[in-house]
Amino acid sequence: MGTREEGPVKTHSQSLIRGLIVKLVLGAIVIIGAITGLGYGVVYDRAERDALGRLSDYVVERGRFESAVFQRTEAAMRVFARHFLENYQDETVLPDANFKDYFFQSADKAVRLKPAYFNGTVAPDGLRISGVSAFIGKNVRYFPQEFRRRVLLAVKLVGRYGPAWEDLNLHASFPENAIVVYWPEAPWGLDAPASLRMNENSAIRATLQSENPERKPVWTALYYDGTAKRWSITYQLPVDLNGRHLINPSADVPLTDLMRRIVEDHLPGTNNFIFSKTGNVVANPRTMAEDIFKKGEISVDEVEDPVLQRIYADMVQGMKSPPQSLDDGSGRKVWLVDAPELDSYLAFTELAGPDWVYVVTYPKALLRPIAHQAAGVLVALGAGIFVFVTLVIVLILNRDIARPVKLLEAAAEQVGEGAYDTVAEADYPLPESVPNEIGLFAREFRSMTRRVRDTNRNLERIVAERTADLEEANRKLTELSLVDGLTKARNRRSFDLDLQEAFEVHERDGEAFALALFDVDHFKKYNDTQGHQKGDEVLKSIVAILKRASRAGDRVYRYGGEELAVIFSNTDLPEAQSVAKRLVEAIAAEGIPHPASSIGHVSVSGGLSVAEGGISSPKDLIQRADEKLYEAKHSGRNRLVG
């Protein structure tokens, strides 16, 4: 009889266990799947927002950096134009200069500047001129005094500014088919063919009043200079007076470094491009045929690259939408575009100067590993909880449905509600003393609850640690965004922030500080003779010397190109002069060979300004330091003025 009664009980228990296990498995799958799916979406969205925010900051900062050379060129040509008009309208400047003291007529009937002004000589007005040549085509038959004076004024200004703006190839052209050129590498004006009609080529013709009635400045397309073996672009500024076209200050801007940076200097996994708004490829990391590559700017269609065409089409479409404006006071704008056909995001901004757009492609694949990793953690955690709960239920249902089971069931409910401490305490009623599997299970259940509690606490600790690690990583990322990648000095963005902060402290607390701007003397010549790689090493060495020779609390910055800056905190003029002079001397004392420099070794010129009366803004402080730097350059270099 007893045996007959066991059968139904056992069968009922097994059926109950199987039913509960099936329900448990299905419920766990649904819950884990829902939690994982929700977590994946949240993590992915957050990672996407953070990544695109950092991408926007990078694109704007990179666009500002790449625009600097064009802005400097435009500013330099405005300075040239202003000084030319001042001299032209001042009748006391070169009123009766003898044109023949400067020019001669060559055998081919062209009029050219005498070779002495290229080789180096002192002009009749006392200005030393070298590296300058000039050419007037043989088609120019009439040389009125006003035209001759204009040309001589141009010779004077080109001879003055050409050496100072050594990162540009300065020249000045005239609508009458004449040009004055500063190019120490070759006497262009002496070698030009006499029949050359420069005012008929597309570049200079674009400055003529008939072709350019709005009198807009002219940027040429990018071109490859086969003679100099470099990429360049030319800027021309038409200058009129009383409706008459007088001159075009102009400069060739070398862009080989920019082209190299676009290809080599990019965020991991991304690519950089530059397009013109007229549909041309300017800079492109993708492989092109050599004959197409050397054309400079080429049509997107001519490249016959579907990816490039897709990027350009998405860029054009994206620019039809309003851009994002960054709240940093710069007014810079950036566009973010989803490019599903490329499985990427596009971020781009307009460059100052030429009608160019800087574009970064950011593959969506860079985001996926972050979300997948987080989702994997959620799946593993859910699976672990599922295994523990299933084990507990199976053990419980292997015994009779009785008081011990009810006690364990009650305990399981407490654990399910997260009351781990309650069940883990020894005074919570569990059938631990039962001398069979239930007792063992009860003891194990309490132990498991303690482990789960400890695990939960450990997870909370791990989450806190990971949060701290993430905050530290973000801090380091922010720090990296303020450091120049080459020299490891603080970059221009850091300089702007620190200078503004120092100025605010000065205005609030009266704490004095000073700013020194340094420029490596004859750095372009160093690069031309020693190579850009050694030039980079020189910049790194100079930054190391500045850091070593500065005081504690002073900061060294790469201001731009070969220009460096140091902010001296809590100092007055005498102390700042002493420290800044020590920096100049320390660099000279290093004795880095510079065969192309008259000094024989690498040196710097410096300009120093102190926040005091007459300085009302960081911009004024920079301008005064720049003026002192200019004075140091023109008073012999390798010195500090301030």
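Author: Begin with accessibility: a residue counts as exposed over 50% relative accessible area, as buried under 20%, and as partly exposed in between. The model is predicted. R46, at 53% relative accessibility, is therefore exposed, while D50, at 38%, is partly exposed.

Reader: How are D50 and R46 placed in helix α1?

Author: Side chains of opposite charge can pair when their charged atoms come close. Here D50 and R46 form a salt bridge, at 3.9 Å from N to O. They are four residues apart in helix α1 (residues 2-89), about one turn of the helix.

Reader: Are R62 and E66 buried or exposed?

Author: R62 is buried, with 6% relative accessible area, and E66 is buried as well, with 1%. Their side chains also meet in a salt bridge, at 2.8 Å from N to O. Again both residues lie in α1, four residues apart.

Reader: Which parts does the salt bridge between E350 and K277 tie together?

Author: The N to O distance in this pair is 2.3 Å. E350 belongs to strand β18 (residues 344-350) and K277 to the loop between β13 and β14, so the bridge ties together parts 73 residues apart in sequence.

Reader: What is the angle between helices α15 and α16?

Author: Two packed helices are described by the angle between their axes and the distance between the axes. For α15 (residues 523-530) and α16 (residues 532-549), the angle is about 135 degrees and the axes are 7 Å apart. α15 is therefore oblique to α16. Residues making the contact include F523 and Y526 of α15 and V538 and L539 of α16.

Terms used:
Residues are numbered from 1 along each chain as its sequence is written. This is a predicted model: local features need pLDDT of at least 70, side-chain atom pairs count only at pLDDT 80 or more; totals for chains, interfaces and linings use all residues. Side-chain values use heavy atoms; hydrogens and water are left out. Axes are lines fitted to C-alpha atoms, for helices over the stretch in contact, and angles run from 0 to 180 degrees between N-to-C directions. Helices (H or I, at least four residues) and strands (E, at least two) are DSSP runs, numbered from the N terminus. Angles under 35 degrees count as roughly parallel, over 145 as roughly antiparallel, 65 to 115 as roughly perpendicular and the rest as oblique. Contact means heavy atoms within 4.5 Å. A salt bridge is a side-chain nitrogen of Lys or Arg within 4 Å of a carboxyl oxygen of Asp or Glu. Buried means under 20% relative accessible area, exposed over 50%, partly exposed in between (1.4 Å probe, protein chains only).
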